[in-house]
Amino acid sequence: MIEEPEEEMTMQPNIKIVAAALSLAALAPNVGATNGDHMLGLSAIQNGMAGAVVAAPQDAATVLVNPAGMALLDMKDVRFDLGLGFLNPLRRVNGNDSDSKWYMMPAGAVAFRVDDRLVLGMGLGGLSGMGVDFADTAAAPGNQAVVTTKQFFKVAPGFAYRVGDAVALGATLNLNYQSLALATPAFVLPQNQVFGFGVTLGMTWKISPGWQLGAAWSSKQDMEKFKWNTTAGRFSMNMDAPQTVTVGLAWRPAPGLLVEGDVKRIMFSDVLDNVKMKRPAGYAGAVPASLRFGWKDQTAYALALRQDIGEKTQVRIGVNHGESPIDPKDVNANLGSVAVVENHLAIGLSRKLSDKVTGSVSYVHAFNNKIKSSVAPHNVIELKQNIINFQISYQY
């Protein structure tokens, strides 16, 4: 969280207004990133598969990814999945470390089987967010502080319906909460919250006993405008969440072995290329009118396998790759949003504790990636991260 000054929009003493690029940087979405500002998964099971779960869902958290997958869950009446994750994003700008390094990520989901065809469910979890806390971002020491906080949280009630033995369809209504706060040497806008909504549609198709196809589409999440009332007047802007499309193919080559590959397209350019800031009439201060982040669309690839070991244990391993949505030419506009990791390695383990209860754990490492601005000033941003998730599942 940022510390608010006594008067909003007041300049910090003895600090000049930073360049427009730094002002833009602090307004960028501030994440401990995975695929851009999207988490790979929302549970230990999903993260253990590096996010490759759209074709062969394995827990009730599928309601947040591919709601049709609820129809395929191995349960008689009900399944609960509750989890807790810890994100450790290690971010640097020009060799300066962010002081905020740990974030907690709770998530949960439930699915109820109404009959042989219909399943109802609900899930909740953090889709993206977190923040940065740089005491200095300048290549030469100068107390050019950037402190930001962003959170995006989703609650998704929905259903899955078996059309036949091979095909299932599903949908959710996404109820979204987003908060944002930022501080630069030039200006401060305090914590604010908005609500919004969207939809997710999904399907699964059992092509043959060994092959299964899955697909999901999530609409652009339409969010209310952020509004800040300051001594200079009212500022406002829209920051929606992007549309996504995912397709996956699962293969069971032998009993107890599952292999899945997913491809996910995230349309960042529609919401994070050029964001307009509405300013008070006649305003000529430090808050820019146009926030040119320059994020491009991203295609993420995930490949994972799950192997049964005996009757009580499953192990998972997966990889995930997505090219950074931030290009070298846009580095200076994203000093507060170092969402540049590209390669991930994931491992996971589930252990059946009783007939109804299973415990799961996963670890994801995002390898360090560094990008240097191709235009002056030649700032350098970099990120690596670790994610640990724990999960308890109950099914009956």
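In which strand does D81 lie? I looked this up in a predicted model, where local features need pLDDT of at least 70, side-chain atom pairs count only at pLDDT 80 or more, and totals for chains, interfaces and linings use all residues. Residues are numbered from 1 along each chain as its sequence is written, and side-chain values use heavy atoms, with hydrogens and water left out.

**Entry on D81.** I found D81 in strand β1, residues 78–93, a strand being a DSSP run of E with at least two residues, numbered from the N terminus. I noted that D81 is buried because its relative accessible area is 3%, and buried means under 20% (1.4 Å probe, protein chains only). The side chain of D81 makes a polar contact of 2.4 Å with the side chain of S393; such a contact is a pair of N or O atoms within 3.5 Å, of which, within protein, one must be able to donate a hydrogen and the other to accept it, and residues adjacent in sequence count only if both atoms are side-chain atoms. Leaving aside neighbours within four places in sequence, I listed residues in contact with D81, among them D59, G108 and Q391, where contact means heavy atoms within 4.5 Å.

**Entry on D37.** I then turned to D37, which I found in the loop between α1 (20–27) and α2 (44–48), helices being DSSP runs of H or I with at least four residues. Is D37 buried or exposed? D37 counts as buried, because its relative accessibility is 5%. I also recorded that the side chains of D37 and H38 are joined by a polar contact of 2.9 Å.

Methods. Buried means under 20% relative accessible area, exposed over 50%, partly exposed in between (1.4 Å probe, protein chains only).
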